[in-house]
Amino acid sequence: MSFKEKYNMYVDMVNSELKNILPSTHTMSTRVCEAMKYSLMAGGKRIRPVLTLSVCEMFGCDIQKAIPFACAVEFIHVGSLIHDDLPCMDDDDLRRGQPSCHIKYDEATAVLAGDGLFFSAFEILLLAKKFGVNESDMLKACDLLSKMSGIDGMVGGQVMDMFIEKNGADESMVEVMQQRKTAALIQAACCLGGVAAGVNDNYFEILNNYALSLGLAFQVCDDVLDVTGTENILGKPVGSDIEENKVNSVSLLGLEKAKMKAKKYTENAISELNKLPNNQFLMNLTKFLLNRDH
Ligand code: GRG
């Protein structure tokens, strides 16, 4: 199977499970449920759940065990995108080529749709028992996902991002912000695949280091694409970081040095990956993400 076929196979598995577990439409909250579905099914790349499934599989484990973890991570990711687009945050009207959640619906609905996705993520994670994950591994996954999403992870990273926008920052502060805002959830995605596969502490640490470098590379590429991408392919306006006076890798280092930094992080990720078994798919994915166009 080619890299692309395998990637699409993982995406299909995630999408069909997401459809199964989408919130049932309660009469009193139809609009919020629709908004959750709208953003979940708006055509994301599904990189994080693909990481969870492929990590689980690289250790020879039944991929089904990782499905609830993969979906839980995607729920958190999509909720964070909805909140990130709100007028009080990045104020973006377009996401994945379609109106952002608060534009399609309204601001209050978008806030609640994000909240709904965050809490449902943990409900879904706990379905793992039905997929053959034992309770202690489920608790470990829950601990990891909440920490990586919360104040020491994604929420904390967003707080830093907003602080930096007003007060500026140096390269090391921007790196901490990028680690929390973006890499933390990518670390959770990979490590949850490891938890589903029951990996030992040594492999777990390598996975965490791999995902940290991959996540940092991913965010620097995102900063680069904001300058070099096209609105058509990115599905959102280009140059919005500059317009909003964002301090990021490109504004701090310039385009060429930022590209070199993404390459360096990718090399670090690859050197960690080389310590793991059956790494061909992840090796291809890591290189593919460095050269992505959206
Ligand atoms: C309560 C968990 C929680 C979060 C709220 C708003 C916020 C705090 C955090 C924002 C975090 C954020 C949007 C980081 C940017 C990460 C990033 C580069 C997203 C784009 O990811 P892709 O390219 O998106 O994988 P697709 O559209 O493919 O799913």
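In this predicted model, the ligand is surrounded by 20 residues, and the closest of them are Lys-45, Arg-48, His-77, Arg-96 and Gln-158. By residue class, the shell around the ligand consists of six nonpolar, eight polar and six charged residues.

| Side chain | Ligand atom | Distance |
|---|---|---|
| Arg-48, N or O atom | oxygen | 2.7 Å |
| His-77, polar atom | oxygen | 2.7 Å |
| Arg-96, polar atom | oxygen | 2.7 Å |

On its own, the ligand has 760 Å² of accessible area, and the protein covers 90% of this.

Several helices contribute to the shell. Helix 4 (67-85), helix 8 (154-167), helix 9 (171-197) and helix 10 (201-228) each provide at least two of the residues around the ligand. Which helix gives the most to the shell around the ligand? Helix 4 does, with six residues. The residue range of helix 4, 67-85, includes His-77, whose side chain has a polar atom 2.7 Å from a ligand oxygen. Likewise, Gln-158, one of the closest residues to the ligand, falls within the range of helix 8, 154-167.

The packing of helix 4 can be followed against two other helices. Two packed helices are described by the angle between their axes and the distance between those axes.

Against helix 7 (residues 135-149), helix 4 packs at an angle of about 15°, and the axes are 12 Å apart. Because this angle is under 35 degrees, helix 4 is roughly parallel to helix 7. The two helices cross in a right-handed sense.

Against helix 9, the angle is about 165° and the axes of the pair are 9 Å apart. This angle is over 145 degrees, so helix 4 is roughly antiparallel to helix 9. The crossing of helix 4 and helix 9 is right-handed. Both helix 4 and helix 9 supply at least two residues to the shell around the ligand.

Notes:
Residues numbered from 1 in each chain as written. Predicted model: local features only at pLDDT ≥ 70, side-chain atom pairs only at ≥ 80, totals over all residues. Heavy atoms only, no water. Near = heavy atom within 4 Å. Polar contact = N/O pair within 3.5 Å; in protein donor to acceptor, adjacent residues only side chain to side chain. Areas by Shrake-Rupley, 256 points an atom, 1.4 Å probe, with all protein chains shown as cover. Helix = DSSP H or I, 4+ residues; strand = E, 2+ residues; numbered from the N terminus. Nonpolar A, V, L, I, M, F, W, Y, C, P; charged D, E, K, R; others polar. Axes fitted to C-alpha atoms, helices over the stretch in contact; angles between N-to-C directions. Parallel < 35°, antiparallel > 145°, perpendicular 65-115°, else oblique. Left-handed = near helix turned anticlockwise from the far one by under 90°.
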